[in-house]
Amino acid sequence: MHINCLDHIVNLAVQKFLRSIKVVKSKDDEEDGEVEVVEDETESFAGTLSKIRGLAKVCPKFQSSVVLSPLSYFARYISRIMLTYRFSVLVRSSGRSSLRFASTRK
Amino acid sequence: MRYDVPTRWNSAYFMLTRACYLRKPIDQYIHDQEDEAKQLKLWQYKLSKTEWEQVETLTTILLPFKLVSVKLQKTSRPRIDHVFWSYESLFNNIDDLQTMLARPRYRNNAWTKTLAVAVEQMRLKLSKYYQKTEHPFVYSDAVILEPSGKLLLFEQDSFEPHFKSKYSYDCRERYIDNYESTLQVPRLETTLKRKRAIDEDSEDNDDDYYRALAKAEKQRGIQNEYDLYIAGPTAPKKRDPLGWWKINAPSYPRLAMMFRDTFAVPATGAGVEREFSKSGRIVTPIRARLNHTTVTESMLVKSMLVRQGKILKDQEEDVDEFTINDEVEEEETVEVNYVHDLWKALINSNEGM
């Protein structure tokens, strides 16, 4: 007796639905490359989905870059500079690094 | 933003949900772009109001499928009894959608015609596989042996009235053929006789009481454990069937064996595939010469630790990864709530019409 995997069946049904509205690409179109907007079918599902895919490709880290306000951008930038500075001070003040610098001087 | 992958389940849903969630930031980002060349490039991806409506509609259509898929992928308890219920809920959702798309408000839209055809295609695909569940009896038996529901599913409107008696009769016959007569387990009657003997020692003689009980059971048509189980009250909601059967196995010893055999059948291959993926993560390029027994044992140890709630942290670097995963989960929760609201709004708007 064969028991089908229901998860696969659900996926098949969804794929059928997506193919019917021409949202899922055929195998030939799956090659990596620039995402082109389907211009012929304005306000079709295929056109809409190709736009979203295009956005996903253009801005992979969209959420982090958009949701943050310019102020928080600035704050993050400053904190990184401070961290780098403190780290460099720490390295230079350690015994081993002073020896290394001393040897460099020679 | 997320990108959909055809081989990854629910990836289209996740991409659409994320896009819905980030609708305002996306529009703002495209609008506020200072670099003209970049803005020109981004402008072609700007979605109109109708297109956003399409995205929201697609998300609400895909949500029930995503929920069923995620529910079935869990391996914390057997899910074979969920199969019929899942089909039932998916078909109900599809019926709701088809009713909604047939309304004048949606019928005039050009894109809803495409949607109606696609939903019908999806229904046909599901029906094709649903017809295949008619032959394997494990689905119907699992539904009946789930103590909270029993025959409740077959009382739903989508089932014809004769299905309830048919499935129940077939299950009873299988129980009698395979468990009632063949298995040697401590019989209920023996226990009752022993109990009666103890009671007879006491001053009260309850012969009439036992006779009346036997007569009542006969009148109710109770001849075996199956009949007793069906006639009994249903278990409280959200109770794990394994726990219920563990407690009640002494009352239904043979039926409990049937339950164990039925619920051992997995509803999906997702759990097994996940286990195989674990082996892929153990045998990495830098550990390519592991013995097969080592791989097996490592997988078993990992599973045991997960069961005990002690998840392995391979390296200290993974801490960041765990934190990120937590954040992603939080985001997903927010998004799912958002889509739930959309779905409710859609249903309410239909009811209002």
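Predicted model: local features only at pLDDT ≥ 70, side-chain atom pairs only at ≥ 80, totals over all residues.
Residues are numbered from 1 along each chain as its sequence is written, and chains are lettered from A and ligands numbered from 1 in the order in which they are written.

**View 1. The two chains contain helices and 0 strands.**
Chain A has 5 helices, which follow one another from the N terminus as α-α-α-α-α, and chain B has 17 helices; helices (H or I, at least four residues) and strands (E, at least two) are DSSP runs, numbered from the N terminus. Of the 106 residues of chain A, 20% are buried, and in chain B buried residues make up 24% of 353. A residue is termed buried if 20 or more other C-beta atoms, placed from the backbone, lie within 10 Å of its own, exposed if 12 or fewer do, and partly exposed in between. Among the contacts in chain B with a separation of 6 or more, 67% join residues 24 or more positions apart, a contact being a pair of residues whose C-beta atoms, placed from the backbone, lie within 7 Å.

**View 2. The largest nonpolar core has 67 residues.**
Such a core is a set of buried Ala, Val, Leu, Ile, Met, Phe, Trp, Tyr and Cys residues joined through C-beta atoms within 7 Å. The residues with the most contacts inside the core are A:F17, B:L16, B:L62 and B:L255, and the element that gives the most to this core is helix α4 (residues 49-73) of chain B, with 8 residues. Apart from its neighbours within four places in sequence, B:L16 is in contact with B:V55, B:L58 and B:T59.

**View 3. Chain A contributes 36 residues and chain B 49 residues to the contact between them.**
On the side of chain A that touches chain B, the elements giving two or more residues are α1, α2 (45-58) and α3 (62-67) of chain A, with the largest share, 12 residues, coming from α1(A). By class, this side of chain A has 24 nonpolar, 7 polar and 5 charged residues, where Ala, Val, Leu, Ile, Met, Phe, Trp, Tyr, Cys and Pro count as nonpolar, Asp, Glu, Lys and Arg as charged, and the others, Gly among them, as polar.

**View 4. Helix α1 (residues 6-20) of chain A packs against α4(B) at an angle of about 160°, with the axes 9 Å apart.**
Axes are lines fitted to C-alpha atoms, for helices over the stretch in contact, and angles run from 0 to 180 degrees between N-to-C directions. The angle makes α1(A) roughly antiparallel to α4(B), the cut-offs being under 35 degrees for roughly parallel, over 145 for roughly antiparallel, 65 to 115 for roughly perpendicular and oblique for the rest. The contact is made by A:L6, A:D7, A:V10 and A:V14 of α1(A) and by B:L62, B:F65, B:V68, B:S69, B:L72 and B:Q73 of α4(B); these residues divide into 7 nonpolar, 2 polar and 1 charged.

**View 5. The axes of α1(A) and helix α7 (residues 110-131) of chain B come within 8 Å and cross at roughly 155°.**
These two helices are therefore roughly antiparallel to each other. On α1(A) the contact is made by A:I9, A:L12, A:A13, A:K16, A:F17 and A:S20, and on α7(B) by B:V117, B:A118, B:V119, B:Q121, B:M122, B:K125, B:L126 and B:Y129. The residues of this contact divide into 10 nonpolar, 2 polar and 2 charged.

**View 6. Helix α8 (residues 138-145) of chain B is mostly covered, with 7 of its 8 residues buried.**
The buried residues of α8(B) are B:Y139, B:S140, B:D141, B:A142, B:V143, B:I144 and B:L145, and they pack against α5 (82-101), α9 (161-180) and α14 (253-263) of chain B. In α14(B), the residues B:R254, B:L255, B:A256, B:M258, B:F259, B:T262 and B:F263 are buried, and the buried residues of this helix pack against α8, α9, α12 (225-231) and α13 (241-248) of chain B.

**View 7. B:N10 and B:K150 have positive phi values.**
B:N10, with phi near 65°, is placed in the segment before α1 (11-21) of chain B and counts as buried, because it has 21 C-beta neighbours inside 10 Å. B:K150, with phi near 55°, lies in the loop between α8 and α9 of chain B and is partly exposed, with 19 other C-beta atoms within 10 Å.

Methods
Contact = placed C-beta atoms within 7 Å.
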